[in-house]
Amino acid sequence: MDESELKIIAFLCNWCSYAGADLAGTGRMQYPPSVKIVRLPCSGRINPLYIIKALADGADGVLVSGCHPGDCHYITGNMYARRRFAVLKRLLDDAGFDSDRVQFTWISASEGQRFADVVSDVTSRIKLLKTKGCEKS
Amino acid sequence: MTEEKLSIIEALKTICEDLFSKRVISRVLAFTEGEIKEIPVVSLITNPEGLKGLKWDESCNKPLAKLLLGLKPKTAIIARPYDARAVVMYINENQLKRDDVFIIGVGKDASDFPVFDAFAKDPSPLQSAREPSPSRGSLDFFLAEIDRCILCYACRQACWGCYCPSCFMERGIPDWTPAGVGREAKIAFHLGRTMHLAGRCVECGGCKTACPSGVNLKYLIDSLTQMCYEEYGHKAGMEEGARDPLSDYRCDDGQPGFLE
Amino acid sequence: MLLSASVKISSVKDALAALLKDYEVAAPVSDGANLLYSYITDPNDVVFSDQLPYKSPKEFLLPQTEKILAFGEDSAEDIQEAKKTVIFDVRPCDLSAFKRITDKVFSEGKFKDGFYMRRRKASATIGMACKSLKPGCFCNLRGIDKSYSTECDIFLTPAGEDEYIAAAHTPVGCDLLKSCFRSVPAAFSPEPAELSETLEICSEEKDVFEKVNWDAMSASCISCGTCTFVCPACHCFDFKDKGSVRYRVWDSCMYSAFTLHASGHNPRAGKPERFRQRFMHKYVYMLKNIGESACFGCGRCTRKCPAGINARRVLECIKAEAAGGSDG
């Protein structure tokens, strides 16, 4: 499968992760074209329903990223987000969905290379899941 | 009916009659006998005569606390531990005032109740409603239950915690659930509702007992309840003034399953 | 009655198998937790019991979710399909609900509903006598004879230990009886049940609306809408668009969004108003509009109500309070 066929929705916070993606771009770093970025003010603004809806509407995977804990532009937004995502991941696991399709991480504005690495990593994981899924069905 | 149940009912009647006569309360929220033996009736009793039909047994297993919302003070509620916990949650979430409710706890031990104003001992209370979860993690089981759901929202209506004036399921913009139609909508509803309840569930089992189709997805929220206890040391409705775990944080919270 | 014949109970499964060749067959099956009507593929799945399935079989005529049109950039699809269906083991209460309520609402009068009419035309009903009144049932007070009905294509009445008397009431019923059932012609003269009094609200609409204490009546209701979903006569619906496909879905007057205006105003904003609407619609408005009240005493709402609200009891209270002189 071609990586460009994968649809991965990335919810990124405005202040760190989106700037990190920007840096990856201006730095001409290579990463797979599978990722579609949605910019949000803060990882604390990400409603779990965004993630559920993305999956329900046919996304192959979801990547969520915010500022590193302690670096939130709004001081504590990502602290709340951290609990929320941990709980959501557990819920998806419990319901029997492959929670590998939803990935959470922290990327700062200076980590352009990390953004590229994370996207590559997530893409290969989801590609693997999808090929496994295809074999099953 | 066994004698001990009868004596509980007598005790409850005495407490309520006393409250009525002293004009402490204007109504009692309780179960009464209905015409069908197996189906107890949820009643708002407004005078001492109404206490005649009071019922108390295992079939009185539905949560009552939600009916307190919007009532003028002061109402007495004949509460199992989960009702008392729900009242505490309402107080914590600014939906009720402590002074507006008179809690008559009925249970095995007074320590099961975070708050109460009167207590009657029930030697054979309902067993703890937390489900063992053999089916946890099975997509097939989850989808089989989902397919049985008729999306009537009885679970939501029975739940103490679902009191939003406008539920996310009823919003057109954004349309979280593809038009409220089909499997995707049911999945979004149940996962969305479970997320909203995470760390707030008082384990009354109302979602399960209210469901006309017998859908049992309670194991999902039970698992999150357990997680919130283990990870964040939180038990919903046990402490007045406590914040629920998803409205709170610690700097050293774990991040299980996050990408390194 | 056009034809009557005796049918061995043991041969009914063979008849269902024969029907399955040409028809979709809906019959009571168990899903582990409940008895419910469902399309079957194997006659052995059918549960023969006196219990009433927890939902009415209205979903086969008015599906809970029904695609009604789809469109693309330069195409449009008008959905016309209606599968040939036999609904098996329908009780007199449900049969009356179809004949007297949904048929009248959807296929008579000013507005005709093609989707309903096509399904109704393509489906046959095989009725079955109820042996007993289940807890919550009050069809005897709603003018329904639980042991016999003519409002179906074939009606099965138990006769002795191992036999049904099948009565065909329509040409379709006669054909099905002859072609799919192993039957022996037998005379049948059903005795109409003696129904004592009927429970009907006789008061003026205005009195029912104003004198009844709806606040107290609805105090324990949790607005879950279960009563409307399991009811054979409730038929309110809404339209939903999902991309370029339009669906019709069941709606319920017990939901606050049912009457919500785009402006945000809600004429039935509170629970008592919505509760009042359900009962007035059933027992007063429908009687006025089409000459039938929309309750046949199947008792499903009573059995499934999470708050233990008993429909018969409510009806009795409404009747008494509306007739009473007090201001409620």
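How many residues does the contact take from chain B and from chain A? In this predicted model, chain B gives 42 residues and chain A gives 37 residues. The area buried between chain B and chain A is about 3,400 Å². Carbon and sulfur atoms give 66% of that area. On the side of chain B, three residues lose the most area to chain A: Trp176(B), Phe258(B) and Leu259(B). Together they account for 23% of what that side buries.

Charged and polar pairs also join chain B and chain A. Two salt bridges are found across this interface. In a salt bridge between Arg83(A) and Asp253(B), the N to O distance is 2.8 Å. Polar contacts between chain B and chain A number 13 residue pairs, with both residues at pLDDT 80 or more. Three helices of chain B give two or more residues each to the side that touches chain A. These are H3 (139-148), H5 (182-197) and H7 (218-232). The most comes from H5(B), with eight residues. By class, this side of chain B has 22 nonpolar, 11 polar and nine charged residues.

The interface of chain C with chain B comes next. Here the contact takes 34 residues from chain C and 27 residues from chain B. About 2,500 Å² is buried between the two chains. Of this area, 59% comes from carbon and sulfur atoms. Ile222(C), Lys242(C) and Pro306(C) supply 19% of the area that chain C buries against chain B.

Four salt bridges are counted between chain C and chain B. One is a salt bridge between Asp31(C) and Arg148(B), where the closest N and O atoms are 3.5 Å apart. There are also 11 residue pairs in polar contact between chain C and chain B, both residues at pLDDT 80 or more. Helices and strands of chain C both feature on the side that touches chain B. Helices H7 (226-230), H9 (300-304) and H10 (311-323) each supply at least two residues.

The cysteines were examined over all chains. The structure holds one disulfide. Cys16(A) and Cys67(A) form this bond, with their sulfur atoms 2.5 Å apart. The torsion about the S-S bond is about 100 degrees, so the disulfide is right-handed. The pair links distant parts of chain A, 51 residues apart. Cys16(A) lies in the loop between strand S1 (8-13) and helix H1 (17-26). Cys67(A) lies in the loop between strand S3 (61-66) and helix H3 (77-95). Cys16(A) counts as buried because its relative accessibility is 10%, under the 20% cut-off. Cys67(A) is also buried, at 4% relative accessibility.

Cys253(C) is in no disulfide. The nearest cysteine sulfur belongs to Cys234(C) and is 5.9 Å away. Cys253(C) is buried, with a relative accessible area of 10%.

Note on methods. Residues are numbered from 1 along each chain as its sequence is written. Chains are lettered from A and ligands numbered from 1 in the order in which they are written. This is a predicted model: local features need pLDDT of at least 70, side-chain atom pairs count only at pLDDT 80 or more; totals for chains, interfaces and linings use all residues. Side-chain values use heavy atoms; hydrogens and water are left out. Contact means heavy atoms within 4.5 Å. Buried area is the accessible area (1.4 Å probe) that two parts lose on being put together, summed over both. A salt bridge is a side-chain nitrogen of Lys or Arg within 4 Å of a carboxyl oxygen of Asp or Glu. A polar contact is a pair of N or O atoms within 3.5 Å; within protein, one must be able to donate a hydrogen and the other to accept it, and residues adjacent in sequence count only if both atoms are side-chain atoms. Helices (H or I, at least four residues) and strands (E, at least two) are DSSP runs, numbered from the N terminus. Ala, Val, Leu, Ile, Met, Phe, Trp, Tyr, Cys and Pro count as nonpolar, Asp, Glu, Lys and Arg as charged, and the others, Gly among them, as polar. A disulfide is a pair of cysteine sulfur atoms within 2.5 Å. Buried means under 20% relative accessible area, exposed over 50%, partly exposed in between (1.4 Å probe, protein chains only).
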